[in-house]
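I set out to record what I looked up in this model. The entries follow in the order of the look-ups.

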Amino acid sequence: MSEPPDRRTAPWGRRLCPVAESRASGAYRVFSLLDAAGPAPEPGQFYMLATRSHWEQRGGRPFLPRALSVADAAPAPRSSLEPHGEPDLDRDGVRLDFLIEGVGPGTDRLCELEEGERVWVNGPLGNGFSSPRELSEDAAGAILVGGGIGIAPLALWRKRLAARNVPTRVLLGFRDAAHCGGLDDLFACCEVALASDDGHIGHHGYVTDLLAAMLEGDDAGTAVVYACGPPQMLDAVQALCASQGVAAELAMESPMACGYGACYGCAVPKPDGGYLRLCIDGPVIPAHGGGLGPPGRKPVSPSRREPERPRQCGFSKGGPQPLAPQRPTEFCGLELAHPVINASGTFDAIAARRVYGDALLDDFPFAAFVSKTITLEPRAGNAPQRIWETPSGMINSIGLPNKGLDGFLAEDLPQLGELPVPLIVSVMATGHEDFARMVSALEEREGVAALELNVSCPNVHSGLIVGEQPSETIALLEALRPLTRRPLIAKLTPNVADPAAVAVAAEEGGADAVSLINTVKASGGPVTGGLSGPAVRPMAIAQVRAVAAAVEIPIVGMGGVCDSADAAEMLAAGAALVAVGTENFRDPRAGSRIARELSERSERSLTLNLDSRSR
């Protein structure tokens, strides 16, 4: 699970940072945060942001944090970061400037920020821009091409290039006068060639017209291009650079929920097939060529619609806190430190290690780790768009991207074996034979503590969804039970009339436990898939309660768990363990936070019981 030695990692988890300033800049706003934890970002990196107060104020939205690229960064003395604390002369923080346009409930709320408010910050994330010589050995200079709000990450990159004495030309394009925001704030001290769609300033036309003229001169053989802006602009930049043989990097965007590789929502197609995860493989990618490229751009919010209503789900007071002493939890023969694990597909431990480094292992957020579901053959996943924010939740249509069984065994399993907690491997197939091959292969490997059977797929022979039919479920478990000594956990679908009947069938077939609920069928915007988040919690509680009344095997309860109150309700409904899912996208350390709060609730409850008995 080792990371590249030259990769700078982000502080583990999210933290609260105060707003130092917020001001208008044309149709946009510029706001500044003071980050005591640092480190200073590389040009092109981004942060996931959510306000501490009044998030989810409009009908349960915004629910997810918003991804914004950094427009400027400068040292900030620690005394200014903590005016009421003791200054630390050995360590300064950083002032972060962001350029933002209000286009929906999340960005609208960030536009309302006032000095002194606090914002949840996760980052810096993604890769930074490559140096010109890394893109082309013959590079003597750089051309920066920005469009609209896409000028933001180029501002910090221009300053860094200037500090390195790299000759740089800046070409910026804007829709109209109102949307020239950020120009004076971010590019006031440099020479800029301008274009505007309405002709109010500079060239009347597109910024790519300016690039085309520049590349036809002597610059084509000695410059590299960096571009950030609307997709149509980036397509044009890529075509121009390809026609002239000029190396380029494009700062891309894609709907994003987490920022650190957990959700698989920010997919962009690779030229050679498959998809990149823009948050960890980018956001900047090469303009041509098929491999993963270096670094940087602002990913966009998962949707751009409005609504109304608040709930502060799991946004605890302050940053990471030490885990309180836990009572061990026994589950299917495994002794776990506490009853909180992750839901499959909502936390990629390998990607998180790339982003956060060894701190992830030092304070791992779950008592056991459940892998993303693997299939027999590799899967690229569904085409974008994959995610859509809803009131108090999100819809995903990810499509189970994974390396297949062989890729998992060769590449992922050795890395997951370094985790400090038991590993539960989630598997899915469309027939008993494929399920059997995977279970048998995993039975031979060390480091696998248990298996989760994702039974949400159709059986290729019968055409029936295994998890929707008690007869299919019991037949599958009876076929797999003799193949492994390890605990088998049947993951049930909520999209069935009687989940308890399916759970009984799983128990009779030999399952050691069941887990529920998976996502609920839903559709929103361009995405049809599974709904998750607080919106499904009442359904999850009802189904866990019904299943607990019907079976004697333990239950892993999941569905909309955001804080210890939700987890306690799930445990009270009959769950032995609680799995955290979508909340991981908002708070990477949600598992630790919820486990700590559960322990504190338990201690308070014990104290109250002792007090009442002594009266």
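Which strand gives the most to the lining of the largest pocket? I found that strand 28 does, with 5 residues. I took strands (E, at least two residues) and helices (H or I, at least four) as DSSP runs numbered from the N terminus.

The model is predicted: local features need pLDDT of at least 70, side-chain atom pairs count only at pLDDT 80 or more, and totals for chains, interfaces and linings use all residues. Residues are numbered from 1 along each chain as its sequence is written, and side-chain values use heavy atoms, with hydrogens and water left out.

I noted 8 strands in an open sheet, in the order 19-30-29-26-25-24-23-20, with parallel pairing. Strand 19 (340–342) and strand 20 (369–370) stand at the edges with a single partner strand each, so one side of each has no neighbour in the sheet. Two strands pair if DSSP finds at least two bridges between them. Strand 26 (residues 513–516) and strand 29 (residues 555–558) pair in the parallel sense over 3 bridges. I looked up leucine 516 and found glycine 557, in strand 29, as its bridge partner.

Entry on phenylalanine 174. I located phenylalanine 174 in strand 9 (residues 168–174). Is phenylalanine 174 buried or exposed? Phenylalanine 174 is buried, at a relative accessible area of 2%; buried means under 20% (1.4 Å probe, protein chains only). Beyond its neighbours within four places in sequence, its contacts include Gly148, Ile151, His179 and Leu194, contact meaning heavy atoms within 4.5 Å. The C-alpha atoms of phenylalanine 174 and isoleucine 151 are separated by 9.6 Å.

Key. Buried means under 20% relative accessible area, exposed over 50%, partly exposed in between (1.4 Å probe, protein chains only).
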